[in-house]
Amino acid sequence: MKVTAKDVESVAILSRLELKETDMEKYTKHLNAFLEYADVMTSLNTDGVKPTDHVLPLQNVFREDVVKPSLDRELALSNAPQREDGYFKVPKILED
Amino acid sequence: MSYETVIGLEIHSELKTNTKIFCGCATTFGAEQNTNVCPVCLGLPGVLPVINKRVVEFAIKAGIALNCKINNFSKFDRKNYYYPDLPKNFQTSQFDLPIAEFGYVDIEVDGKVKRIRITRIHMEEDAGKLVHSGTTIKDSATSNVDYNRTGVPLIEIVSEPDISSPAEARAYMEKVKSVLEYLDVSNCKMEEGNLRADVNVSLRKVGATELGTKAEMKNLNSFKMIENALAYEIERQEEILDDGGHIVQETRTWDDAKGITLSMRTKEAAQDYRYLPEPDLLPIITTDEEIEEYRRGLPELPDARKERFMEKFDLSSYDALVLTTSRQMADYFDAAVRNGADAKLVANWIMGDLSKHLNSENKDISESLVTAENLAAMVTLISKGTISSKIAKTVFEQMWKTGDDPEKIVKEKGLVQITDTKAIEEIVDAVIAANPKPVEDYKGGNAKSIGFLVGQVMKQSKGKANPGLVNELLKGKLDA
């Protein structure tokens, strides 16, 4: 096993996910399956193969530095659960 | 116990572009909250960012000017963390293949030159602005977010831990600011947050090779703040180590009003940014030819300009440094000298009266009513002997207030220096007659008392007599 329940717990914390105790075993198994599959790929001989930097064969796609209209503020805020004076309003950020 | 201070800086500089790094929203400072936002910078699902070409150009220019190697292949990555000023829950930044690496700048502190290495320069997006409902983040039940700044282009310039004192940290920051100003890639207005630094500091016993545990202070946006925060933090760590304690690796905030650093004491687990390649942005390829072309297009930079001022105008290293730190000031000096004024005199006036006035009114040289041309004209009046240096101060005051041409001021106020021997001779005779005691002293061998007599003549001529001539005439008469 590459991944322990402890790893899954810490990944869940980093991702702000709440996992039920009963699901731990399931997710640990899933994550292990991913990594084991990665092992299969690692076992291939890739000598002389250029690393893939991007899945598309494109590079240097830029835009000119020209201002485009922004969203109307009402529209920008329309999905916000809470708002105040044209701001997005968020709950407490740091614990005491 | 004596310790060695080890400091590293991460300087964030907003770039002077019209639009954000990945979308066409304007970057205007001070716009009404959440009016420069769009689906891309708000991180709405399904949007596609596209790199602003000018951001890459500016980052490459900064890289070359800071003596870095420009990477032919560079890409963006996602840096994952949760904070409400970051709507996507990741910051688009660069991880393993930044645009520039392995640079350096030379700084000068107390006349000593030191090289500070630059680890890397990468491009990234700025985060939004939080307005807390309470006085601090911790005592606020809610906070408000303005995403106008989200997506404003930044370069982050990371130094090696080569800095050994608060003064060196300041000199390093000043040097980087100066280079960015010369390149005209950033507004560098620290009070608007265009330029800010995260500062890392640790102590180790003198002679130790291993680094001590460091503390970090984020978002310091004035030179004074950097120096003060570092000075405080060094003392704090010294006390802990002297007492046999251990430094906790943490982020501390600098409370500028109280002049202390405070622990953020977050209950967060250790940061793990889980960088991953940004699939929505394509790699940036820059050829050696393109890099060369950028290099050729760079303006004269502060170091080169300082050298030129020293060689061509015979200025001291210190004077040349002061004049070239700000590009505007160096341009002003060059313009004045081009107008035919004596370089050393111009330098003295810029660093003396002009700087004094600028500082006391908190103005930029570009806001000075005294133009380079007018300062040159005034200095030429001194060189020609039309006015004395003393009168020049009065003329300068007037120029500072009105922006008038010095010749006009001199004419209108009748400040032309009296070089007419006869007119001065009359005053000299009167002064000798009115001051028998100092005259006796001088004749009795006290050479110093002539100073008093010169002063009297100058006073009676309202400063307009040529001091050299006064001296000469007085001596001639007293020694006879």
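I looked up the buried residues of H5(B) and found Pro302(B), Arg305(B), Lys306(B) and Phe309(B); buried means 20 or more other C-beta atoms within 10 Å of a residue's own, with C-beta atoms placed from the backbone, and exposed means 12 or fewer. They lie on the same side of H5(B), because they cover an arc of only 105° around the axis, the arc being that of the directions from the helix axis to the C-beta atoms.

A note on the source: this is a predicted model, where local features need pLDDT of at least 70 and side-chain atom pairs count only at pLDDT 80 or more, while totals for chains, interfaces and linings use all residues. Residues are numbered from 1 along each chain as its sequence is written, and chains are lettered from A in the order in which they are written.

Next I checked the other face of H5(B), turned away from the buried side, and there I found Glu311(B) and Lys312(B) exposed. For the cover over the buried residues, I noted helices H2 (166-183), H6 (317-325) and H7 (327-338) of chain B among the elements involved. Helices here are DSSP runs (H or I, at least four residues), numbered from the N terminus. Just past H5(B), I saw that Asp314(B) has a positive phi of about 60°.

Then I turned to H9(B). Nine of its 12 residues are buried, so I call this helix mostly covered. Among the buried ones I listed Leu375(B), Met378(B) and Ile382(B). Their cover includes H7, H8 (343-360), H10 (389-402) and H11 (406-413) of chain B. Just after H9(B), Gly385(B) takes a positive phi, about 85° this time.

Terms used:
Helix = DSSP H or I, 4+ residues; strand = E, 2+ residues; numbered from the N terminus. Contact = placed C-beta atoms within 7 Å.
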